[in-house]
Amino acid sequence: DAFFQSPTARFGDDVMAAFPSAEEDVREAARCFALERYTACVFHCMRILETGLAQLGRALALEPATNWNNALNQIEKEIRSRNIATHGAAWKKDEAFFAEAATHFRAVKNAWRNHTMHGREAFDEDRSKIVFESTAALMRHLSERLSENE
């Protein structure tokens with residue numbers, strides 16, 4: 001099974017280089033999927049995304065938040081507070097990048113994270129694959145501009 005044999009392949013080398021602290025959870029998410037431990041796969045995906053969410057906040061010069069809701073509220077407020085006058089002409093491109101990431105994180109939090117982390121729901125193969133692929137896509141998006149190494 002490709003998920004088991006090449007657990008980081010769907011995330012790609014750029015994500016692994018940008019977010020090395022997430023590598024163990026990437027491997028575990030893929031292995032859990034391969035072993036039909038679908039809720040565990042989603043659990044590890046949420047841990048992967050915590051790495052990305054923290055880096056998104058750091059990129060906006062925000063202090064780490066205690067939970068996803070607080071982090072997203074801070075990030076969204078910071079994005080709204082910026083404009084070309086305060087952050088230069090490049091902000092328009094930056095705004096699109098940050099707004100897309102924040103929108104995805106908010107959707108993940110409300111649809112999957114809260115239900116997984118608070119034991120409210122079990123995931124089947126189809127839904128866990130959607131979460132896994134969505135996690136990989138969001139982390140690829142983040143790796144275009146963000147890195148733990150900076």
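**Exercise 1. Which residues in α7 meet which residues in α8?** Then classify the packing of the two helices.

*Solution.* This is a predicted model.
- Step 1: list the α7 side. Phe-97, Glu-100, Ala-101, His-104, Phe-105 and Trp-112 take part.
- Step 2: list the α8 side. Arg-127, Ile-130, Val-131, Ser-134, Leu-138, His-141 and Leu-142 meet them.
- Step 3: sort by class. The contact of α7 with α8 has 8 nonpolar, 3 polar and 2 charged residues.
- Step 4: take the geometry. The axes are 11 Å apart, and the angle is about 155°.
- Step 5: apply the cut-off. Angles over 145 degrees count as roughly antiparallel. α7 and α8 are therefore roughly antiparallel to each other.
- Step 6: α7 passes α8 in a left-handed crossing.

**Exercise 2. Treat the pair α3 and α4 likewise.**

*Solution.* 
- Step 1: the axes come within 8 Å and cross at roughly 165°.
- Step 2: α3 and α4 are therefore roughly antiparallel to each other.
- Step 3: the crossing of α3 past α4 is left-handed.
- Step 4: from α3, the contact uses Asp-25, Val-26, Glu-28, Ala-29, Cys-32 and Phe-33. From α4 come Tyr-38, Ala-40, Cys-41, His-44, Cys-45, Arg-47 and Ile-48.
- Step 5: these residues divide into 9 nonpolar, 1 polar and 3 charged.

**Exercise 3. Which residues touch the most other members of the largest nonpolar core?** Trace where the core comes from.

*Solution.* 
- Step 1: the core has 44 residues, and Phe-11, Phe-105 and Leu-142 touch the most other members.
- Step 2: at least two core residues come from each of α2 (13-18), α3 (23-34), α4 (38-59), α5 (68-81), α7 (91-117) and α8 (125-143).
- Step 3: α4 gives the largest share, 9 residues.
- Step 4: follow Phe-11. Beyond its neighbours within four places in sequence, Phe-11 is in contact with Met-16, Val-26, Ile-48, Phe-132, Thr-135, Ala-136, Met-139 and Arg-140.

Terms used
Residues are numbered from 1 along each chain as its sequence is written. This is a predicted model: local features need pLDDT of at least 70, side-chain atom pairs count only at pLDDT 80 or more; totals for chains, interfaces and linings use all residues. Side-chain values use heavy atoms; hydrogens and water are left out. A nonpolar core is a set of buried Ala, Val, Leu, Ile, Met, Phe, Trp, Tyr and Cys residues joined through side-chain atoms within 4.5 Å. Buried means under 20% relative accessible area, exposed over 50%, partly exposed in between (1.4 Å probe, protein chains only). Helices (H or I, at least four residues) and strands (E, at least two) are DSSP runs, numbered from the N terminus. Contact means heavy atoms within 4.5 Å. Axes are lines fitted to C-alpha atoms, for helices over the stretch in contact, and angles run from 0 to 180 degrees between N-to-C directions. Angles under 35 degrees count as roughly parallel, over 145 as roughly antiparallel, 65 to 115 as roughly perpendicular and the rest as oblique. A crossing is left-handed if the near helix is turned anticlockwise from the far one by less than a right angle, and right-handed if clockwise. Ala, Val, Leu, Ile, Met, Phe, Trp, Tyr, Cys and Pro count as nonpolar, Asp, Glu, Lys and Arg as charged, and the others, Gly among them, as polar.
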